[in-house]
Amino acid sequence: MSAAHQIDVERVICRFADISDPGARGFTIGTGDWPLRGFVVRVREQVRGYVNHCPHAGHSLDLEPHSFLTHDGALILCRSHGALFDKLSGYCIAGPCTGRSLLPIAVELEAGFVMLADAVDVSALARSVGALI
Ligand code: FES
């Protein structure tokens, strides 16, 4: 059986090749009132995942789909009030929530796909974000 046949399709976020370098991509997984809304960001051959929820005022970071980075692609940008975050750590380095961090989502690369890590409990994570709103 090939690796592609062993992939848990419910945990697939996107193909790694679908994320430009630098680039980011939003996703929604789950159903109901609180699906998990997140995004993945590529840093060369690595990828990181975060909940799409700004620690400042709780807004989604992107005002347009998949628009999570600064113009030069160097940092994550919250388009509501301009907070800037490091791509690898999610740490806010400037803006109204300096010193706070994006909520990470464990992701992994498998057979060319960006996947939610097995340990991620989608429902629990989505509910925890809902409780912050
Ligand atoms: S909600 Fe992100 S900077 Fe204000």
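What percentage of the 133 residues of the chain count as buried? The answer is 29%, where buried means that 20 or more other C-beta atoms lie within 10 Å of the residue's own, exposed means 12 or fewer, and partly exposed lies in between, with C-beta atoms placed from the backbone. Here are some notes to read alongside the model.

1. **Ground rules.** Please keep in mind that this is a predicted model: local features need pLDDT of at least 70, side-chain atom pairs count only at pLDDT 80 or more, and totals for chains, interfaces and linings use all residues. Residues are numbered from 1 along each chain as its sequence is written.

2. **Overall make-up.** The chain has 10 strands and 1 helix, in the sequence pattern β-β-β-β-β-β-β-β-β-β-α. The radius of gyration is 14 Å, close to the 14 Å that the globule rule gives for 133 residues, so the chain is as compact as a globular protein of that length. Helices (H or I, at least four residues) and strands (E, at least two) are DSSP runs, numbered from the N terminus. The radius is taken over C-alpha atoms, and the globule rule is 2.2 Å times the number of residues to the power 0.38.

3. **Extent and contacts.** Along the principal axes, the C-alpha atoms fill a box of roughly 50 × 35 × 25 Å. Of the contacts between residues at least 6 apart in sequence, 47% join residues at least 24 apart; a contact means that two C-beta atoms, placed from the backbone, lie within 7 Å.

4. **The four-stranded sheet.** An open sheet of 4 strands runs in the order β2-β3-β4-β8 with antiparallel pairing. Its edge strands, each pairing on one side only, are β2 (23-29) and β8 (104-105). Two strands count as paired if DSSP finds at least two bridges between them. In general, strands of a sheet pair through backbone hydrogen bonds, either parallel or antiparallel.

5. **β4 and its partners.** Strand β4 is worth a look, as 5 of its 6 residues are buried. On one pairing, 6 bridges join β3 to β4 in the antiparallel sense, and G38 has V51 in β4 as a bridge partner. The hairpin of these two strands has 2 residues between them, and R44 takes a positive phi near 55 degrees. On the other pairing, β4 (residues 46-51) and β8 run antiparallel, joined by 2 bridges.

6. **The three-stranded sheet.** Another open sheet has 3 strands in the order β5-β6-β7, again with antiparallel pairing. At its edges are β5 (76-77) and β7 (92-94), each pairing on one side only. Strand β6 (residues 84-85) is joined to β7 by 2 bridges, and F85 has C92 in β7 as its bridge partner.

7. **The loop at G82.** G82 sits in the loop between β5 and β6. It counts as exposed because 12 other C-beta atoms lie within 10 Å. Leaving aside neighbours within four places in sequence, G82 is in contact with L77 and G95. From G82 to C97, the separation is 15 residues in sequence and 9.7 Å in space, C-alpha to C-alpha.

8. **The β9-β10 hairpin.** Strands β9 (residues 107-110) and β10 pair in the antiparallel sense over 4 bridges, and E110 has F113 in β10 as its bridge partner. The hairpin has 2 residues between its strands, and A111 in the turn has a positive phi of about 50 degrees.

9. **The nonpolar core.** The largest nonpolar core holds 28 residues, of which I13, F39, V40, V41, F68, V107 and V114 touch the most other members. Such a core is a set of buried Ala, Val, Leu, Ile, Met, Phe, Trp, Tyr and Cys residues joined through C-beta atoms within 7 Å. The elements giving two or more residues to this core are β2, β3 (36-43), β4, β10 (113-116) and α1 (122-132). Beyond four places in sequence, the contacts of V107 include I13, V40, V47 and V114.

10. **I19, in the loop between β1 (12-15) and β2**. I19 counts as partly exposed because it has 19 C-beta neighbours inside 10 Å. Not counting residues up to four places away in sequence, I19 touches C14, A24, R25, V40, R42 and V47. I19 and G130 are 111 residues apart in sequence and 27 Å apart in space, C-alpha to C-alpha.
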